[in-house]
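Visitor: Hi, I have a new model open and would like to talk it through with you. Could you bring it up on the screen?
Guide: Happy to, here it comes.

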Amino acid sequence: MRWPDFLLPRDRDDARDALREAWRRSEGERVEIACDGGHGRTGTALACIAILDGVPAGKAVEFVRQHYSPRAVETPWQRRYVAHFTAD
């Protein structure tokens, strides 16, 4: 998906679809989420997938920082994106 460094996905619907697909596929196969630095975009994507898996949106960044990296989800707008991401 097109997702510039330190920013948000260019197409939020496409991003939601891709994150749902990754979450769905992770039940039965290995799925990798990665970006150049491994923290901002990767952490944001992982936080959104955590929401799809049942973590409350208000706790998703904290969850990913605890279980993946303390540096995950680097920017205020990435945190806001996660906070407004829904499992619907």
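Visitor: Let me start with a single side chain: is arginine 25 buried, partly exposed or exposed?
Guide: Arginine 25 is partly exposed, as its relative accessible area is 37%. Here buried means under 20% relative accessible area, exposed means over 50%, and partly exposed is in between, with a 1.4 Å probe and protein chains only as cover.

Visitor: Before we go on, what kind of model is this?
Guide: This is a predicted model, in which local features need pLDDT of at least 70 and side-chain atom pairs count only at pLDDT 80 or more, while totals for chains, interfaces and linings use all residues. Residues are numbered from 1 along each chain as its sequence is written, and side-chain values use heavy atoms, with hydrogens and water left out.

Visitor: Good. Which residue forms a salt bridge with arginine 25?
Guide: Glutamate 29 does, with the closest N and O atoms 2.9 Å apart. A salt bridge here is a side-chain nitrogen of Lys or Arg within 4 Å of a carboxyl oxygen of Asp or Glu. Glutamate 29 counts as partly exposed, at 40% relative accessibility.

Visitor: How many salt bridges does the structure hold?
Guide: The structure holds four. One of them joins the side chains of arginine 30 and glutamate 32, at 3.1 Å from N to O. Arginine 30 counts as exposed at 71% relative accessibility, and glutamate 32 counts as exposed at 60%.

Visitor: And what does aspartate 5 meet in a salt bridge?
Guide: Its side chain meets that of arginine 41, 3.4 Å from N to O. Aspartate 5 lies in the segment before H1 and arginine 41 in helix H2 (residues 40-52), so this pair ties together parts that are 36 residues apart in sequence. Aspartate 5 is partly exposed, with a relative accessible area of 43%, whereas arginine 41 counts as buried at 14% relative accessibility.

Visitor: Let me zoom out. How many helices and strands does the protein chain have?
Guide: There are four helices and zero strands, and along the sequence the pattern reads α-α-α-α. Helices (H or I, at least four residues) and strands (E, at least two) are DSSP runs, numbered from the N terminus.

Visitor: What about the radius of gyration of the protein chain?
Guide: The chain has 12 Å, which agrees with the value near 12 Å that a compact globule of 88 residues would have. That radius is taken over C-alpha atoms, and the globule rule is 2.2 Å times the number of residues to the power 0.38. Along the principal axes, the C-alpha atoms fill a box of roughly 30 × 25 × 25 Å. Buried residues make up 39% of the 88 residues.

Visitor: Can you show me some buried spots? Where does cysteine 48 lie?
Guide: Cysteine 48 lies in helix H2 and counts as buried, at 0% relative accessibility. Between cysteine 48 and valine 64 there are 9.6 Å in space, C-alpha to C-alpha, and the two are 16 residues apart in sequence. Alanine 22 is in helix H1 and counts as buried too, at 12% relative accessibility. From alanine 22 to glutamate 32 the C-alpha distance is 8.2 Å, with the two 10 residues apart in sequence.

Visitor: Now the surface. Which residues make the nonpolar surface patch?
Guide: Phe6, Leu7 and Trp77 make that patch, of about 290 Å². Patches are made of residues with over 30% relative accessible area and no salt bridge; like charges are joined within 9 Å, and nonpolar side chains (Val, Leu, Ile, Met, Phe, Trp, Tyr) within 5 Å. The areas come from the Shrake-Rupley method with a 1.4 Å probe, and for residues only the protein chains shown count as cover.

Visitor: And which residues gather in the patch of negative charge?
Guide: That patch gathers Asp11, Asp13, Asp14 and Asp17. Lys and Arg count as positive and Asp and Glu as negative, while His and the chain ends are not counted. The place of a charge is taken as NZ of Lys, CZ of Arg, CG of Asp or CD of Glu. Aspartate 14 has its place in helix H1 and counts as partly exposed at 37% relative accessibility.

Visitor: Back to phenylalanine 6: what is its phi?
Guide: Phenylalanine 6 has a positive phi of about 70°, although it is not a glycine. This residue sits in the segment before helix H1 (12-26) and counts as partly exposed at 42% relative accessibility. Valine 73, not a glycine either, has a positive phi of about 65°. Valine 73 is placed in the loop between helix H3 (57-67) and helix H4 (76-84), and at 0% relative accessibility it counts as buried.
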